[in-house]
Structure formats: C-alpha cells, structure tokens
Amino acid sequence: MSSTIDISIIIPTYDRLWSLPKAIESCRTTTAKVEVIVVDNGSTDGTWEWLQQQPDVRAIRMDNWGKGWAIVEAFKVAQGEYVRFLDSDDWMVEGANDEQLRLVRQEGADIVVAGYLDWDDESGTLQDYPGNVWMDCDDFIAQQLGEGWSSHYSTFLFRRDLIRDIPHRQEFAPDDRLFMIEVALRNPRLAIYRKPAFIHRRHKKVRMQGATGIVKTLRTWQHIMAYRKTLALLQRDGELSPRRKRAPCRFLWSLARELVKTHPAEASDVYDWIYELDPNFTPPIRPSLALAYRMLGFRTTEWLVKLRASVKRFATTRSGQPSAMAFLFAIVLMALGISWWIDV
C-alpha cells in the first residue's frame with residue numbers, strides 16, 4: 001500500500017454541534033486505519049471549540065464558503081487509500097467501513113456502492129425504505145444521469161486516486177450530482193455492498209446545501225447547465241447513446257417545472273430540449289395534463305396551471321369544496337386554452 005491510512009472520511013459542517021459528535025463517533029467503530037477530517041465551515045455554535053477536544057480528529061477551520069469548498073479543502077490533506085464523504089447530520093452503520101474496505105480490495109474495484117437507511121427525527125424511528133437499497137444497473141453513466149435510483153454518495157467508498165482531480169465544482173450546483181456524473185465518466189470498476197452503509201437523518205433544521213428564493217433558482221439553472229455540459233462531452237466522445245439521452249429527462253422535467261416559476265422562456269427551452277433528447281418522453285403527470293403540454297405548449301400550459309391553482313384557492317367555499325365561481329373560471333380557462341391553440 002502507498003498509504004498508511006486506509007480510509008479518509010471527510011465531514012463538512014456548519015453549526016451542527018447537535019449532530020456532529022454522533023457522526024464522528026460512528027466513524028470510530030472500525031478496525032481499519034481511518035482518519036476523520038472535519039471542516040468547520042464558519043460555525044458559531046461552539047463546533048470549533050468542541051473539535052479542539054477531539055485528538056483523533058483532523059480539524060480544519062475556514063470561513064463560511066459552503067459545503068463544496070469545505071470538501072475541496074479537506075481533500076487537499078486526505079491521505080487515505082480510499083475516501084468517503086459524510087454529512088455531519090448523518091452517521092455510519094457499524095461495521096460498514098471495515099466490510100466495504102475488505103470488499104473493495106478483494107474485488108479490485110474503484111468504488112464500493114451501497115444503499116442506506118433513513119432516520120426520522122420527528123418520529124424517532126429508523127426506516128428501511130425499499131427504494132433506498134442499491135439498484136443494479138449495467139450502465140453506471142445512465143444511472144447517474146437519472147435513469148434509475150443511484151443511492152447516496154455517502155454510502156460509497158472511493159479509491160482516492162480515481163477522484164483526485166474531480167473537485168466539487170463551485171460553478172455548478174453545489175451538491176453531489178455533477179461530482180458523481182464526472183466519476184461515472186471515468187468508467188470505474190464497481191463492487192456492490194448489499195447492506196446499508198450509512199444512516200441518513202431526516203430533520204427540519206437548515207441544511208448546508210439547502211436553498212430558497214433566488215439561490216434556489218440559480219442552483220436549478222446550474223443543474224441544467226451541468227447536464228448540458230455532460231451530454232455535450234458524451235456527444236463529443238461518441239458515447240451519447242439513446243439510452244443516455246433518455247436518462248436525464250425526468251430530472252430535467254422537474255428542473256423545468258421549477259425554473260418556469262421565475263424564467264418561463266428558459267424553462268420552455270429546457271422543455272424543448274427534453275423532447276430533442278427523447279421524442280417519446282412521457283412526463284410523470286396526469287395523461288390529460290401531459291396532452292395539454294404537447295398541444296398548447298409548455299409556457300401556456302404552465303400559465304393555465306398556475307391560473308387554475310389561483311382560482312381554485314380564492315374561489316373555494318368555507319366547506320372546502322370548489323364554489324360555482326371556480327367551475328365558471330375553469331370553463332373560461334378551457335376556452336382561453338382552446339382559443340390560443342386554434343390561433344397558433
């Protein structure tokens with residue numbers, strides 16, 4: 001081995017003293033040689049002072065530039081043969097690090113993939129959803145583009161040399177999606193760990209990657225541009241198969257529906273792009289509404305959907321049932337839609 005450390009576990013954190021100790025403690029229950037690297041992203045809740053009392057943790061302090069930059073800083077000092085990324089409100093399943101390390105070496109893989117469990121703070125229960133298990137797929141790139149469930153990258157154990165020059169890019173959406181797509185483009189050898197590897201905590205507190213308002217809009221656009229760049233690279237290299245064209249369409253659909261709230265023209269362009277990628281794409285909505293999108297166009301249908309929701313909200317009786325006014329408006333909206341379609 002070229003390193004005396006088996007696994008580097010990178011944990012970015014911001015004002016998470018309420019959950020960070022559990023995350024770190026879960027990394028200690030291992031026989032492997034593990035280094036835990038915690039990047040305090042400008043916390044104000046005593047996180048840094050607490051970290052100074054943890055002699056087995058490599059702590060880095062930086063200003064609050066976000067999760068992506070925190071991971072980049074931690075990776076600069078990571079020495080493990082393998083690397084794991086863990087959010088500071090989640091924790092590892094006992095034994096997962098050891099078993100995944102043994103598996104990755106046994107199979108000579110670049111990545112060990114796995115599923116996970118959910119912990120719900122509100123109910124105080126551990127939930128084993130069938131959808132959280134790893135789903136086998138014979139095209140890792142298509143899977144990461146959105147063809148099927150691709151799990152959570154905190155379940156994965158990465159060979160450090162594989163991802164050494166793949167940063168968490170700040171010019172795109174600051175989450176794990178583009179990182180995982182870039183990893184997939186390397187065509188890594190996979191080993192599959194058939195047990196849950198970590199526990200994802202569901203809570204109502206602020207998340208480092210959470211966003212609202214204009215920031216959410218920006219991140220939606222960044223996601224779209226990440227997909228445009230990725231598919232362009234695949235096209236350039238002759239690797240953009242019909243399957244890989246279809247793979248991101250459902251996700252792009254959800255992004256278009258989000259973007260149309262503030263930028264209808266750009267959202268309409270994304271809608272058109274979806275049907276360039278997959279002319280047979282079926283949106284995950286009611287068939288009648290899907291037909292409206294195809295007949296009336298994306299922008300017009302979105303306008304009608306928004307107007308209908310407003311009418312329904314303001315023209316509802318106290319009993320909670322739509323009033324006669326709501327039905328009247330529905331008829332008017334239908335007439336407007338048909339008239340517009342005939343005019344075009």
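Phenylalanine 179 counts as buried at 2% relative accessibility, where buried means under 20% relative accessible area, exposed over 50% and partly exposed in between, with a 1.4 Å probe and protein chains only. The model is predicted: local features need pLDDT of at least 70, side-chain atom pairs count only at pLDDT 80 or more, and totals for chains, interfaces and linings use all residues. Residues are numbered from 1 along each chain as its sequence is written, and side-chain values use heavy atoms, leaving out hydrogens and water.

**Aromatic contacts**
- The whole structure contains 21 aromatic pairs; rings of Phe, Tyr and Trp (its six-membered ring) pair if their centres lie within 6.5 Å, and planes under 30 degrees apart count as stacked, over 60 as edge-to-face and the rest as tilted.
- Phenylalanine 85 and phenylalanine 179 form an edge-to-face pair, because their ring centres are 5.6 Å apart and their planes stand at 80°.
- This pair joins strand 4 to helix 7 (residues 177-184), across 94 residues; helices (H or I, at least four residues) and strands (E, at least two) are DSSP runs numbered from the N terminus.
- Tyrosine 153 and phenylalanine 179 are also edge-to-face, with centres 5.8 Å apart and planes at 75°.
- Tyrosine 153 lies in the loop between helix 5 (140-147) and strand 8, 26 residues from phenylalanine 179, and is buried with a relative accessible area of 4%.
- One aromatic cluster comprises Phe85, Trp134, Tyr153, Phe156, Phe158 and Phe179.

**Helix 4**
- The buried residues of helix 4 are Ala96, Asn97, Asp98, Gln100, Leu101, Leu103 and Val104.
- Glycine 108, which follows helix 4, has a positive phi near 60°.
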